[in-house]
4 protein chains.
Amino acid sequence: MDEFRFYQPIQVRYGDIDPQRHVNNSRFFTYMEQGRVSYFQHLGLWDGTDFDNLGMILLETTITFNEPILYGQSIRVGVRTERLGNKSLNVITAIEDAESGRKLATGNSVLVAYDYSKTQSIPIPENFRRLIEEFEGL
Amino acid sequence: MDEFRFYQPIQVRYGDIDPQRHVNNSRFFTYMEQGRVSYFQHLGLWDGTDFDNLGMILLETTITFNEPILYGQSIRVGVRTERLGNKSLNVITAIEDAESGRKLATGNSVLVAYDYSKTQSIPIPENFRRLIEEFEGL
Amino acid sequence: MDEFRFYQPIQVRYGDIDPQRHVNNSRFFTYMEQGRVSYFQHLGLWDGTDFDNLGMILLETTITFNEPILYGQSIRVGVRTERLGNKSLNVITAIEDAESGRKLATGNSVLVAYDYSKTQSIPIPENFRRLIEEFEGL
Amino acid sequence: MDEFRFYQPIQVRYGDIDPQRHVNNSRFFTYMEQGRVSYFQHLGLWDGTDFDNLGMILLETTITFNEPILYGQSIRVGVRTERLGNKSLNVITAIEDAESGRKLATGNSVLVAYDYSKTQSIPIPENFRRLIEEFEGL
């Protein structure tokens with residue numbers, strides 16, 4: 001599947017532009033992080049305020065850079081969960097040109113359910129699993 | 001005068017939040033920078049692409065912090081030119097809560113007209129002056 | 001007085017450079033923030049780990065920009081407390097070229113002693129006052 | 001091989017810390033970018049000033065996160081070239097605790113030789129290839 005049920009528009013800032021005069025590579029990461037956080041909020045997995053209770057940590061991420069992002073460009077991050085394992089899940093993110101839908105970069109991240117109070121990974125909580133499955137139709 | 005004819009909405013990012021769990025002080029600066037750049041684009045003083053020809057450099061800025069900015073808060077930056085000198089101008093910026101209009105921070109910046117090719121300050125070009133005066137009703 | 005008893009060297013990153021091909025203005029703020037935090041650690045006012053107990057909040061800051069900072073330039077931030085009031089203090093910061101000592105930017109910040117648990121300003125604690133007075137010879 | 005002939009120490013900034021109270025994930029990317037840029041400078045592939053002539057663009061990067069990075073932690077980025085293809089090369093980066101040598105994160109990046117004036121990928125220039133082979137003993 002190549003589409004997303006959730007998109008987060010991202011505002012490119014002057015301060016995101018680097019000496020190459022396009023968006024700095026590290027900001028692609030920041031944009032995808034914003035996509036993921038917004039997605040989890042949208043699904044009701046995070047309340048947007050309790051930073052001690054984000055519930056997930058990032059284990060690995062791969063970013064493929066297709067095109068530079070320019071100042072003034074209208075972009076959005078598409079986010080979807082592709083795989084729900086026992087303790088981990090794969091989240092796909094794509095930075096798209098908001099007008100053409102062209103993929104400027106794609107990301108594949110492995111996240112792990114995490115109990116911050118016990119500082120250890122845990123099985124994905126049942127309500128998380130259910131909310132993701134329902135939203136994604138998995 | 002206390003109002004603005006130009007407002008730039010700003011998207012608070014997860015990556016803007018610091019260990020105090022509100023927006024890092026340096027990001028107030030980034031938000032105001034974005035406000036100023038957008039204002040100059042809106043007035044036709046910058047085309048949004050020619051980074052060798054921004055025409056202005058920042059000489060001094062004062063920021064007053066009234067309230068913390070929180071993740072999820074809807075904010076905007078109001079921008080206006082308050083004084084047009086021979087070579088310099090004063091630009092006022094205010095970060096406001098977009099719902100209540102409450103001022104979360106205010107900035108007062110002195111900018112200087114600058115010729116990047118000659119790397120020296122210059123009198124504010126006449127078309128800059130005219131565009132600002134017209135927009136602000138100065 | 002024009003000198004500092006504390007200097008924090010700062011590492012300029014490629015990611016700090018903006019399309020003007022010098023350090024972005026907002027990073028001057030980040031560098032000065034790093035100077036202040038390091039200074040408070042050096043004086044024993046912060047332990048470097050307890051983010052709920054930084055003890056100070058920033059009320060106002062003025063930055064004067066003298067020279068651009070370039071990639072590869074060796075810089076340091078000088079920090080000193082200039083005034084100790086009842087609840088507030090003035091902290092002077094200067095970003096200097098580490099080789100020539102030339103001031104690239106200067107900052108004047110007003111900080112306020114703050115009780116995070118009560119979320120209100122408080123008189124500067126006596127031990128803070130004493131440690132600063134001793135260090136600065138005030 | 002698991003070691004590096006080049007290490008770039010990195011200064012963790014207060015401004016790098018996120019609400020989780022460790023270094024924000026996107027900064028791992030910034031640290032590795034700084035490692036790569038410093039490595040290319042060290043090998044004589046970039047002069048540190050000509051931003052129109054960096055010679056390489058990033059095609060893909062994978063980061064594995066092993067441990068959080070804390071404020072005050074002494075870290076360094078190890079960098080090496082692992083594979084030299086016709087147009088592309090693989091650069092391995094590892095963020096290490098500078099005291100224990102423990103790997104906090106590892107990165108695997110594919111870079112492509114690029115002619116900025118023609119905006120197209122090119123075969124890796126012979127002098128680049130030779131300098132890398134000599135340094136790495138490839």
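I began with helix α1 of chain A: 16 of its 18 residues are buried, so the helix is largely enclosed by the rest of the structure. I counted a residue as buried if 20 or more other C-beta atoms lie within 10 Å of its own, as exposed if 12 or fewer do, and as partly exposed in between, with C-beta atoms placed from the backbone. Helices (H or I, at least four residues) and strands (E, at least two) I took as DSSP runs, numbered from the N terminus.

I noted that this is a predicted model, in which local features need pLDDT of at least 70 and side-chain atom pairs count only at pLDDT 80 or more, while totals for chains, interfaces and linings use all residues. Residues are numbered from 1 along each chain as its sequence is written, and chains are lettered from A and ligands numbered from 1 in the order in which they are written.

**Helix α1, chain A.** I found that α1 covers residues 25-42 and reaches 26 Å from its first C-alpha to its last, close to the 26 Å expected; the expected span is 1.5 Å times one less than the number of residues. Just after α1(A), I found A:Gly44 with a positive phi of about 85°.

**Chain A as a whole.** I listed two helices and six strands, in the order β-α-β-β-β-β-β-α from the N terminus. Of the 138 residues, 38% count as buried. The C-alpha atoms fill a box of roughly 45 × 30 × 25 Å along the principal axes.

**Chains A and D.** I found that a rotation of 180° with 0.0 Å of shift along its axis superposes chain A on chain D, with RMSD 0.0 Å. That is the relation of a two-fold axis. The superposition is by least squares on the C-alpha atoms of residues with pLDDT of at least 70 in both copies. Of the residues of chain A, A:Thr62 comes closest to the axis, its C-alpha at 2.0 Å.

I recorded C:Arg21, with phi of about 65°, in the loop between β1 (6-10) and α1 (25-42) of chain C. C:Arg21 is partly exposed, with 19 other C-beta atoms within 10 Å. I also recorded D:Thr119, with phi near 45°, in the loop between β5 (103-115) and β6 (120-121) of chain D. D:Thr119 is exposed, with 8 other C-beta atoms within 10 Å.
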